[in-house]
Amino acid sequence: MGITTRDLGAADADELAALMTRIEIDHPTGFCLGAGEIRELMAGKVGNVFEGAFDGDELVAYTGILPGHPDDTGLRINLFGDVDPARLGEGVGTLMLARALERSRVLHADIAPRVPGAFVTAALAGRADQADLMARAGLRQGRHSFLMTAPLDRRAEAAPPTGYSVTAFDPQSAEEVRQAHNTAFAGYPDRPDTGADFWAMFVVDAAHARHALSVVARDAGGRVAAYVLAHEYVVPPSGGPGPEVHVPYVGTLPAHRGRGLATGLLGEVLRRASEAGYVTASLHVDTENPTGALGVYERVGFRALYRQDSYVLDDPPIGARRGR
């Protein structure tokens with residue numbers, strides 16, 4: 001029987017989670033979710049799309065398309081996906097990537113046709129088959145990131161500099177922290193999506209968010225100066241046994257950099273996680289982060305576990321596309 005494709009919904013979440021787990025056992029992806037997390041992501045934003053490839057009734061591959069928040073510089077659309085390790089080399093990945101890129105072009109035209117689009121995905125460094133797949137689909141290699149981990153067996157408190165107050169993340173101040181995040185990462189290459197809908201879905205209301213472990217530093221005037229957020233996923237990103245705390249965002253506003261805030265706050269999050277029974281911490285970092293984040297993470301005990309390479313397909317504004 002030939003391969004068929006269709007959109008995936010909440011009823012497919014258990015089967016998709018099982019496929020993601022099989023893939024993760026074969027090789028790390030940085031995107032392995034539990035069934036509940038998949039359902040949450042499917043429902044979190046209208047533009048989020050998951051598609052599956054089936055051999056009969058068996059799910060053998062999937063793609064996820066997650067549009068970002070457009071601005072004057074463009075629209076970033078993140079793509080995820082992979083193939084059951086038992087079905088590699090059969091052309092299923094080629095089929096699904098082509099379909100995902102075409103679907104992304106449609107979303108670009110619907111969401112923000114007047115600005116350029118960037119369709120972005122990632123692959124494990126050293127996977128020649130994935131690199132070849134990206135090249136054949138027209139994607140160029142972009143930046144690189146490490147998945148880093150740190151053990152939490154001996155975790156001393158690292159206090160931030162004097163002059164700042166530190167509290168746990170309060171959902172009531174979520175919009176203020178989001179605005180601070182936008183300021184902290186303004187002009188940053190490949191900056192993450194920080195639209196209000198994404199922030200609510202991923203940071204404020206998500207089941208994986210751990211607000212009691214997340215911390216925010218404020219200056220003497222009560223303004224957000226820095227923050228470190230903490231999450232916990234059903235499948236630990238490091239592939240270890242867990243429990244594992246994951247740190248998705250570390251940010252310091254420009255006026256407060258160079259004072260040890262990021263190091264102090266990160267140390268505080270790790271201390272809280274250790275006391276709460278977590279055994280490992282993980283995070284992703286751009287290997288050429290312009291703020292020097294890699295050095296900060298290494299100083300508090302993080303070490304690189306594996307590297308991922310990003311791949312990008314640039315899509316011109318729709319008018320320019322039609323004029324080619």
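Modeller: This is a predicted model. Begin with tryptophan 199, which counts as buried because its relative accessibility is 2%.

Biologist: Is tyrosine 249 buried or exposed?

Modeller: Tyrosine 249 is buried, at a relative accessible area of 8%; the cut-off for buried is under 20%.

Biologist: How is a ring pair described?

Modeller: A pair of aromatic rings is described by the distance of the centres and the angle of the planes. Here the count comes to 5 aromatic pairs. In one of them, tryptophan 199 and tyrosine 249 are stacked, at 5.7 Å centre to centre with 15° between the planes. Tryptophan 199 lies in helix H6 and tyrosine 249 in the loop between strands E10 and E11, 50 residues apart, and the pair links these distant parts of the chain. Another pair, tyrosine 297 with phenylalanine 302, is edge-to-face, at 6.2 Å and 65°.

Biologist: Which residues do ring pairs link into a cluster?

Modeller: The cluster consists of Phe198, Trp199, Phe202 and Tyr249.

Biologist: At what angle do H5 and H6 cross?

Modeller: The axes of H5 (residues 174-184) and H6 (residues 196-204) cross at roughly 110° and come within 11 Å. Angles from 65 to 115 degrees count as roughly perpendicular, so H5 and H6 are roughly perpendicular to each other. Their crossing is right-handed.

Biologist: Which residues of H5 and H6 meet?

Modeller: Ala174, Val177, Arg178 and His181 of H5 meet Ala196, Trp199 and Val204 of H6. By class, this contact has 5 nonpolar, 1 polar and 1 charged residues.

Key:
Residues are numbered from 1 along each chain as its sequence is written. This is a predicted model: local features need pLDDT of at least 70, side-chain atom pairs count only at pLDDT 80 or more; totals for chains, interfaces and linings use all residues. Side-chain values use heavy atoms; hydrogens and water are left out. Axes are lines fitted to C-alpha atoms, for helices over the stretch in contact, and angles run from 0 to 180 degrees between N-to-C directions. Helices (H or I, at least four residues) and strands (E, at least two) are DSSP runs, numbered from the N terminus. Angles under 35 degrees count as roughly parallel, over 145 as roughly antiparallel, 65 to 115 as roughly perpendicular and the rest as oblique. A crossing is left-handed if the near helix is turned anticlockwise from the far one by less than a right angle, and right-handed if clockwise. Contact means heavy atoms within 4.5 Å. Ala, Val, Leu, Ile, Met, Phe, Trp, Tyr, Cys and Pro count as nonpolar, Asp, Glu, Lys and Arg as charged, and the others, Gly among them, as polar. Rings of Phe, Tyr and Trp (its six-membered ring) pair if their centres lie within 6.5 Å; planes under 30 degrees apart count as stacked, over 60 as edge-to-face and the rest as tilted. Buried means under 20% relative accessible area, exposed over 50%, partly exposed in between (1.4 Å probe, protein chains only).
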